[in-house]
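Me: I have a structure open and some questions about it. Can we go through them one at a time?

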Amino acid sequence: MRQTHDVRTFLQYVIPSVLSFALSGVYTIVDGFFIGNSIGDLGLSAVNIAYPIVAVIQALGTGIGMGGAIYYSIYRAEKKGSKAREFTAGTLWSLIISSVLLTISVFLLNGTLLRALGADGELLALGEEYIAVIALGAALQVIGTGTVPFIRNLGGSFYAMVSMIAGFVTNIILDYLFVWILDQGVAGAAWATVIGQGVTMLIALIYLLRKRQFTLAIPFSRYGKVSASILKIGIAPFGLAMSPNISLIIINRFSISYGGEPAIATYACIAYVICIIYLILQGVGDGSQPLLSQHYGEKDLDRLKSTRKLAYGSALFLSLIGCIIMYLTKESLGTLFGASDLVNMEITKIMPVFLVSVPFVAVLRVTTASFYATEKSALSYVLTFIEPLFMFVLMLILPPLFGGQIMIWWSTVFARILSALLALILKDRVDKKDGTLSEW
């Protein structure tokens, strides 16, 4: 009976989390759809070049929120309510402070950041237009993404999903209005994204107020220690949210040299969709995090092991379904975003290469989430940042030796396979050390 109850509880947490993360990925697809069909390859490339800046803003909120929520869940499981509330207050202050700093820095350094990402000429002009608006709405994005992990850890996974859906619907409506009807281009798409995130933030804050969990009361002397603890855990989920975008930066920089703008536009279309699968897999890991942290806090290692096993199985199943869907729709993907015939043909040819790595990403995401959910911060750091490091090294070596742009694509696959293998090695070592977690 307990096993059936555990499966039901797991699904109650994970299904809304998966849907929420999928919707967060569809945000970028919506922008790409409207911009691509309004401006074409140039618009797609501009948003693709600029998107890592957007990702940093959103990932920062995710990292801070997840870091605080994990400690909140652990201390609540240990019956230490006052400490748990300290982490609620510390997290909210951290989100507010980081929002102010991001707004100022991103707005002032807009052009410098875009040039560092490889933008120039028309790409730079469009990118600056897009990021200027995103910077002004940074607070809405940071606080919106940062409060969602708390809602999940309070047992409100379904409510978190509702807040994401509301923001998503708002984004679609405003993209249609601003980009197509009012012809506001990339700036209109940026305003749609910012306002959509604002709706998510508002609904999330209402939930915290209704549950009487919204508090900013924390002694100044305690804030430093609490924020340091949040940062210690939050680096990994921040990095995990950023990982596809770090990869995007690396791929774009190398593709400029080997394949030029058509290669960037090709990966833009592929990244829009494949990143949804990656976010779904992260949704499995982060959806199971409240349960993993709770069992860890309760020192119930049998249930922790059972939850982790369910997470691996769910992630691998969803990765397989995602691969099938993407393979069957690969010929129409470029058309969806208004890409040129040349780019669409390249997408059709290259998509199967990227699909090889998806099951390995599933293993990597769940393993990393299980590490940071149980305070194994150092190992989660390793798994979070090793993939882009592998990718960078492989791109320095393989394209010059074996075939230019095609080896840029294969370098991403090999990097993800190597990262997943490392994740399994580290997991097995931890399990042997613990002695009680030897099975998935």
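Me: Are Arg416 and Glu387 buried or exposed?
Reply: This is a predicted model. Buried means under 20% relative accessible area. Arg416 and Glu387 both count as buried.

Me: How far apart are the closest N and O atoms of Arg416 and Glu387?
Reply: The two residues form a salt bridge. Arg416 lies in helix α16 and Glu387 in helix α15, so the pair ties together parts 29 residues apart in sequence. The closest N and O atoms are apart by 3.1 Å.

Me: Which residue meets the side chain of Arg222 in a salt bridge?
Reply: Arg222 lies in helix α9, and its partner is in helix α3, 136 residues apart in sequence. The N to O distance is 2.8 Å. Arg222 is partly exposed at 25% relative accessibility. The partner, buried at 16%, is Glu86.

Me: Is Lys349 buried or exposed?
Reply: Lys349 meets Glu346 in a salt bridge of 3.5 Å, N to O. They are 3 residues apart in helix α13, about one helical turn. Glu346 is partly exposed at 24%. The cut-off for exposed is over 50%, and Lys349 has 56%, so Lys349 is exposed.

Me: How many salt bridges are there by this rule?
Reply: The rule asks for a side-chain nitrogen of Lys or Arg within 4 Å of a carboxyl oxygen of Asp or Glu. Arg222 with Glu86 is one of the pairs. The count comes to 4.

Me: How far apart in space are Ile321 and Lys299, C-alpha to C-alpha?
Reply: Ile321 sits in helix α11. Ile321 and Lys299 are 22 residues apart in sequence. In space, C-alpha to C-alpha, the distance is 34 Å.

Note on methods. Residues are numbered from 1 along each chain as its sequence is written. This is a predicted model: local features need pLDDT of at least 70, side-chain atom pairs count only at pLDDT 80 or more; totals for chains, interfaces and linings use all residues. Side-chain values use heavy atoms; hydrogens and water are left out. Helices (H or I, at least four residues) and strands (E, at least two) are DSSP runs, numbered from the N terminus. Buried means under 20% relative accessible area, exposed over 50%, partly exposed in between (1.4 Å probe, protein chains only).
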